[in-house]
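Have the model open while you read.

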Amino acid sequence: MTINRICMDGFTGALLAVESFSDGRAVLHGPGGCRNYHTFLVSQCYPRRDPSDFKKYAMPYFFSQPRIPCTYIDEDNYINGSEKKLEECIPVICSVDDNFDVFICSPGAALIGDNITDAIERAGYKEKAMAIEESLISQPFPDSYDHTVKSIIEWKSPSKKKTVPKSVNILGMPISSIDWEDSIDELSSILREMGITVLSSPGAGCSSEELERSTAAEYNVCVCPEYCERTAELYERVYGIPTIFSDMGAPVGFDAVEHWVKNIGKVMGADTSKAEALIKKAKTRAYKRINRAAYARRTKCSRFTIMADGSIVYPLTKWLYEYLCMLPVSISVDPGEDERTVSSLIGFLEERGLKDAWGSDPAQNADYMFTDGQTAETQMMIGTCRKGVSIALPDLSRANFIPRPVFGLNGAAYILDEIFSGL
């Protein structure tokens, strides 16, 4: 038996990247069937619903759903082009509110060859709307997400501001990460303890106003490199703002969070003592709870499987092995991986005689499976694992009323809570 897990593709990545901006709106140029799932998904990743939305957006192309309006092209448009439909819909969509609009072609619509950029200019909305003309469905989800964020920044073209000392932008936080808003809040709080101010987080709840302010940052700090390599290159090339990457990958687990903090402190010359005290306090709290758990020793030699972004897989694998003495049976990374992080992951497995776990069948029996919530829940139900742990969306298994992020100290606490509740 194998797990036929389908990762989100570049088309979905582009739509989510646009919708990750608090005042951004993705417009799907394509048939209505392509809209339904993505409208639901983006609402799950970044809820922005208002009670007045149903009435406000009760109009063509929206049909009372404010997220991802659609041009609803049909078979006639595929044959004769959709220029007329674009001329009709652009004024309606672009004038409904103050959000900026980014037109994304569905895979089929991209083959028609309509020049959406010219249609936007003719309609007089070039300052409010843009189009990404190429089809991104064949691109990995992280690559497309990064490309789209970078394209929006290039289009917005914020002017260079006077550098604010000890200030940063957070890059590489996708809204497909569970409770990403809580992650942004906590990482920002940790940085404040180091005397560092966060100006913006492009690709994760950033507004146009914050994006304009982002060019005053002294540095960018990276969470997941897969989601920000192109964006980081743009900031350095155009604005002279370098990005701080961690060779431990994303800040997942206590050790990776501590490395993330110390690395930023070293580069920026910041005092990390208060942040390290927070990490020590979180470690002590976790130790006390593990120590009093009735079946704490059962984690030792528990078998685990991970399927996720490489920058998450590496620190999580390392932490589970070294901190809880758990053993990997299947380790695989999603398409669009960061090569440096994956190289470190493979080296870690080889050094410990665990190379057989790399790329092995994830359907083999394991105690724990760490992956997107949908797959984790499904595999737990059919018995592939004893406990499925959600570390990414989509996840329909529950609504989180208390924070359950993956990154930071709260992320480490969430992962431990899931592990020990599965004993």
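Let's start with N99, which sits in the loop between α5 (83–94) and β2 (100–105); helices (H or I, at least four residues) and strands (E, at least two) are DSSP runs, numbered from the N terminus. This is a predicted model, where local features need pLDDT of at least 70, side-chain atom pairs count only at pLDDT 80 or more, and totals for chains, interfaces and linings use all residues. Residues are numbered from 1 along each chain as its sequence is written, and side-chain values use heavy atoms, with hydrogens and water left out.

- N99 has a relative accessible area of 17%, so N99 is buried (buried means under 20% relative accessible area, exposed over 50%, partly exposed in between, with a 1.4 Å probe and protein chains only).
- Setting aside neighbours within four places in sequence, N99 is in contact with D23, G24, R25, R48 and K128 (contact means heavy atoms within 4.5 Å).
- K318 belongs to helix α13, and its relative accessibility of 17% makes K318 count as buried.
- Not counting residues up to four places away in sequence, K318 touches M248 and F348.

**α13 and its two partners**

- With α14 (residues 339–351), the α13 axis comes within 8 Å and crosses at roughly 25° (axes are lines fitted to C-alpha atoms, for helices over the stretch in contact, and angles run from 0 to 180 degrees between N-to-C directions).
- That crossing angle makes α13 roughly parallel to α14 (angles under 35 degrees count as roughly parallel, over 145 as roughly antiparallel, 65 to 115 as roughly perpendicular and the rest as oblique).
- The α13 and α14 crossing is left-handed (the near helix is turned anticlockwise from the far one by less than a right angle; clockwise would be right-handed).
- On the α13 side, G310, S311, V313, Y314, T317, K318, Y321 and E322 meet T341, S344, L345, F348 and L349 of α14.
- Sorted by class, the contact of α13 with α14 has 6 nonpolar, 5 polar and 2 charged residues (Ala, Val, Leu, Ile, Met, Phe, Trp, Tyr, Cys and Pro count as nonpolar, Asp, Glu, Lys and Arg as charged, and the others, Gly among them, as polar).
- With α16 (residues 408–421), α13 (residues 310–324) packs at an angle of about 60°, the axes being 13 Å apart, and α13 and α16 are therefore oblique to each other.
- The α13 and α16 crossing is right-handed, and the contact joins L316, W319, L320, Y323 and L324 of α13 to A412, I415, L416, I419 and F420 of α16.
- The residues of the contact of α13 with α16 split into 10 nonpolar, no polar and no charged.

**α1 against α7**

- The axes of α1 (residues 10–19) and α7 (residues 141–156) come within 7 Å and cross at roughly 40°, which makes α1 oblique to α7.
- The crossing of α1 and α7 is right-handed.
- From α1, G10, T12, G13, A14, L16, A17 and V18 meet F141, S144, Y145, T148, V149 and I152 in α7.
- This contact of α1 with α7 counts 8 nonpolar, 5 polar and no charged residues.

**The buried face of α10**

- In α10 (residues 229–239), the buried residues are T231, A232, L234, Y235 and Y239.
- Looking down the axis of α10, its buried residues fall within an arc of 155°, so they line one face of the helix (the arc is that of the directions from the helix axis to the C-beta atoms).
- Those buried residues of α10 pack against α7, β4 (167–171), α9 (208–213), β6 (219–222) and β7 (243–244).
- Just after α10, G240 adopts a positive phi of about 70°.
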